[in-house]
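These are notes for a colleague who is opening this model now. Please keep the sequence and the structure side by side while reading the points.

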Amino acid sequence: MTTDSRGNYQELVDEISELLGVPATLENRDFELIAFGAYDSEGELDPSALDPVRTRSILTRRSTAAVRTWFEGFGITRATAPVRIPPTPEAGVYRGRICLPVRHRGVVLGYVWLLDSEPGAPGPTDPQLDAAMRVAARIGALLADEAQHGADLSRELRAVLTAERGWQADMAVAALRTALGPRGDGPYAVVCVAPWPSADPDDAPSARTVPHATALCTVPWGPTAQWLTALIRLRATDTLTPATSAATRLLERARGVEGGGAGPDTGTHGTPATHGTPGTAAAPLTVAAGIASPRVALAELAAAWQEASAAARAALAEPGFGPVAEWSRIGPYRLLTSLPPETAQDPAVRPLLSPAHRELARTAEIYLDCAGQAARTAAELGIHRQTLYYRLSRVEQLTGLDLDDGEHRLLVHMALKAARL
């Protein structure tokens, strides 16, 4: 949000406060505080106005998920007129609220919150609330304009992520920096969601609807699929919490529209990729998110995108990493995701990747994941140790490799993991 727009929101919130003679706050639809107008005719704010919920919203600039769910239970997401919410001390709401839904063209974009009058005291009249709703409509138009501006940045962000190295990349970064203006200062993290369940390359949510997002875009992934990429503003380079929150929100959005957009993921051998970290039985993922290491300079976003997309691929290949995987925590997949796809088809290991030998391949992979410990491997597979030894001998016959040889083990292990990608 730009400095100019913050000033406009503050003026409009102050206008509502003056109209109704009560303090007002403006939050976006994610319950993040945008502006706070304190009004009191006696010059001092009533201490009862600062109940725990309101205090947290003002001090931390956002409400908790529990508070959001509680307020949404009163139908504010669907309302087109003021909604009165009674005081509920056990929920930390000591004073009743009046919620003015902020809408634009039928879409709720935020909420203006007012403190309701004490029992027996005169409250805002209907004409006053009507006037306040007209101001809320102006706020909605401003939020919509800003959301559209954020959507426009998809072109600049996509250009940075897809430009060839050299002067094209430099020009794309310069264009994004100009478009961001004061928001161009880092630190940032890049989040990738794959596959994004829409074939339309311009069908990305507005940055306004994703917490901490500065820009979003889609990037082609194969002939029909798309990556969704988000540029997330961080508070500091040592915490990825905003990026994790954004990734979680985007995954929720993707699953909500996934019906016809993405089929089930398959594992190395054309069967569901149910094998995660050793000792787990992770379910296959149909969509996953990856988070890159933090960056300060916009010129590093292309490299960050490579990390984020690699982390998402790793989560799809190994569900134990997901559904949100950080680049710094995907271990050997940091190397494997950088290799060309054809390297997964090593001539020696290729016979093992045949669908006819999927059980042998799974046995070899778990055996190598378990560091060659037969007892652990047999326990995870639920088979007798002699059965394990027989399967491993078949693997050696198919590949011509010796699983007692360290380099041979490494080759088989890398080939099996790379094939998942």
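1. Arg-105 is exposed, with a relative accessible area of 78%; exposed means over 50%, buried under 20% and partly exposed in between, with a 1.4 Å probe and protein chains only. Arg-105 sits in the loop between strand S4 (97-104) and strand S5 (107-115). Its phi is positive, near 55°, and Arg-105 is a residue other than glycine. Most residues other than glycine have a negative phi, and most peptide bonds are trans.

2. This is a predicted model, in which local features need pLDDT of at least 70 and side-chain atom pairs count only at pLDDT 80 or more, while totals for chains, interfaces and linings use all residues. Residues are numbered from 1 along each chain as its sequence is written, and side-chain values use heavy atoms, with hydrogens and water left out.

3. On confidence: pLDDT is the predictor's confidence in each residue, from 0 to 100. The mean for the protein chain is 80, and 80% of its residues reach 70 or more. Helix H2 (residues 52-60) has the lowest confidence, a mean of 52, and S10 the highest, at 95. Over residues 1-6 the pLDDT stays under 50, and the model has 11 contacts for them beyond four places in sequence; contact means heavy atoms within 4.5 Å. Residues 259-281 are also below 50, with 58 contacts in the model beyond near neighbours in sequence. Where pLDDT is low, the predicted coordinates should not be read in detail.

4. The protein chain has 12 helices and 10 strands. These are DSSP runs numbered from the N terminus, helices being H or I of at least four residues and strands E of at least two. Of the 421 residues, 47% count as buried.

5. Ala-371 is in the loop between H9 and H10 and is exposed, with a relative accessible area of 52%. Separately, the peptide bond from Ala-194 to Pro-195 is cis, with omega near -15°; Pro-195 is in strand S6 (residues 188-196).

6. Which residues of H10 are buried? In helix H10 (residues 374-381) they are Ala-374, Thr-377, Ala-378 and Leu-381. They cover an arc of only 95° around the axis, so they are on the same side of H10; the arc is that of the directions from the helix axis to the C-beta atoms. Their cover includes H9 and helix H11 (385-399). Gly-382 follows H10 and has a positive phi, near 70°.

7. Helix H9 (residues 358-369) packs with helix H12 (residues 406-420) at an angle of about 115°, the axes being 10 Å apart. Axes are lines fitted to C-alpha atoms, for helices over the stretch in contact, and angles run from 0 to 180 degrees between N-to-C directions. Among the residues that meet are Ala-361, Tyr-367 and Leu-368 in H9, and Val-412 and Leu-416 in H12.

8. Ala-132, in helix H4 (residues 126-162), is buried, with a relative accessible area of 0%. Leaving aside neighbours within four places in sequence, Ala-132 is in contact with Ile-16, Leu-19, Leu-20 and Leu-100. Ala-132 and Glu-15 are 117 residues apart in sequence and 8.3 Å apart in space, C-alpha to C-alpha.

9. Not counting residues up to four places away in sequence, Glu-326 touches Leu-240, Thr-244, Ile-291 and Ala-311.
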